[in-house]
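Subject: Structure handover

Hello,

Please find below the structure we talked about. My notes on pockets, cavities, salt bridges and a surface patch follow it.

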Amino acid sequence: MARIMQVHDSIVIAAEPLELWEQIADPSQMGRWSPENTGADVPHPGSPATVGMTFTGSNRRGRARWVTSCTVTEAVPGEKFTFEVRAIGPRKPLLKGGIATWSYTVEPVDGGTRVTESWADGRTRWPDAVAARFDRFVTGGQLFSDFQRGNIAGTLAALRADVEGAPRSGGERALRD
């Protein structure tokens, strides 16, 4: 069975597209919503990233901690923000290669803005069987596509709760703990 290389999900948030984009396009803010990202070291915290900007992301899943080197590939105000994860490692992002691409689109709809978060597996050269074995080992039994579906749903729910001021349910951060 061929692995699923991309997953995405969407949510409608009662806010303006540019307001949401400005928050999402600042990688230092992602730790507020993501089940496993704990933040990012960026050149200008509090400001949206620009195309070509690099940043280091910090992540945690259970006891595992790692960092990533990322490059912003799209930054269209009020519309789209995309970055590629180009290196990964436990303390420094030393293992280089295609890791993943994360993308966020925002579009006005009745009642607010639809935010779509997408993940694409960058490990295109890995044989499916090797990727599946690795995925199950590092996620506790899931393929990355299934695991990332959960991460995306948790991130989007936490983003909406943060922006709209709604209380979060206890399960939205469970993947981080």
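Is R123 buried or exposed? R123 is buried, with a relative accessible area of 5%; buried means under 20%, exposed over 50%, and partly exposed in between, with a 1.4 Å probe and protein chains only.

Before the rest, the conventions. This is a predicted model, in which local features need pLDDT of at least 70 and side-chain atom pairs count only at pLDDT 80 or more, while totals for chains, interfaces and linings use all residues. Residues are numbered from 1 along each chain as its sequence is written, and side-chain values use heavy atoms, with hydrogens and water left out.

Salt bridges

R123 sits in the loop between strand 7 and helix 2. Helices (H or I, at least four residues) and strands (E, at least two) are DSSP runs, numbered from the N terminus. In space, R123 is 8.7 Å from M5, C-alpha to C-alpha, although the two are 118 residues apart in sequence.

The side chain of R123 meets that of D135 in a salt bridge, at 2.8 Å from N to O. The term stands for a side-chain nitrogen of Lys or Arg within 4 Å of a carboxyl oxygen of Asp or Glu.

R3 and D128 form another salt bridge, and their closest N and O atoms are 2.9 Å apart. Here the partners are 125 residues apart: D128 belongs to helix 2, and R3 to the segment before strand 1 (6-13). R3 counts as buried because its relative accessible area is 15%, whereas D128 is partly exposed at 33%.

Both pairs fall within one network of salt bridges that links R3, D121, R123, D128 and D135. The whole structure has 10 salt bridges. One of the others joins R86 to E84, with the closest N and O atoms 2.8 Å apart. R86 is partly exposed, with a relative accessible area of 38%, and E84 is partly exposed as well, at 27%.

Pocket

Grid points are joined across faces, edges and corners, and a volume is the space filled by probe spheres set on the points.

The largest pocket has a volume of about 870 Å³. It is lined by 40 residues, of which E36, W66, T68, I88 and I99 are the closest to its centre. Among the elements that give two or more residues to this lining are strand 4 (64-76), strand 5 (80-89), strand 6 (95-109) and helix 3 (144-164). Strand 6 gives the most, with eight residues. By class, the lining has 23 nonpolar, 11 polar and six charged residues; Ala, Val, Leu, Ile, Met, Phe, Trp, Tyr, Cys and Pro count as nonpolar, Asp, Glu, Lys and Arg as charged, and the others, Gly among them, as polar.

Cavities

There are two cavities of 30 Å³ or more. The largest cavity holds about 40 Å³ of space, and its lining consists of R3, I4, W119, D121, R123, D135, L143, F144 and S145. Four of the lining residues are nonpolar, one is polar and four are charged.

The second largest cavity has a volume of about 30 Å³. I24, M30, W33, Y104, E117, T155, L156 and L159 line this cavity, and helix 3 gives the most, with three residues. This lining has six nonpolar residues, one polar and one charged.

Surface patch

W126, V130 and F134 form a nonpolar patch on the surface, with about 240 Å² of accessible area together. Patches are made of residues with over 30% relative accessible area and no salt bridge; like charges are joined within 9 Å, and nonpolar side chains (Val, Leu, Ile, Met, Phe, Trp, Tyr) within 5 Å. Accessible areas come from the Shrake-Rupley method with a 1.4 Å probe, and for residues only the protein chains shown count as cover. V130 lies in helix 2 (residues 128-139) and counts as partly exposed because its relative accessibility is 39%.

Regards

Technical notes: 1 Å grid on protein atoms, 1.4 Å probe; cavity = no way out; pocket = protein on both sides within 12 Å on 5 of 7 lines; lining within 4 Å.
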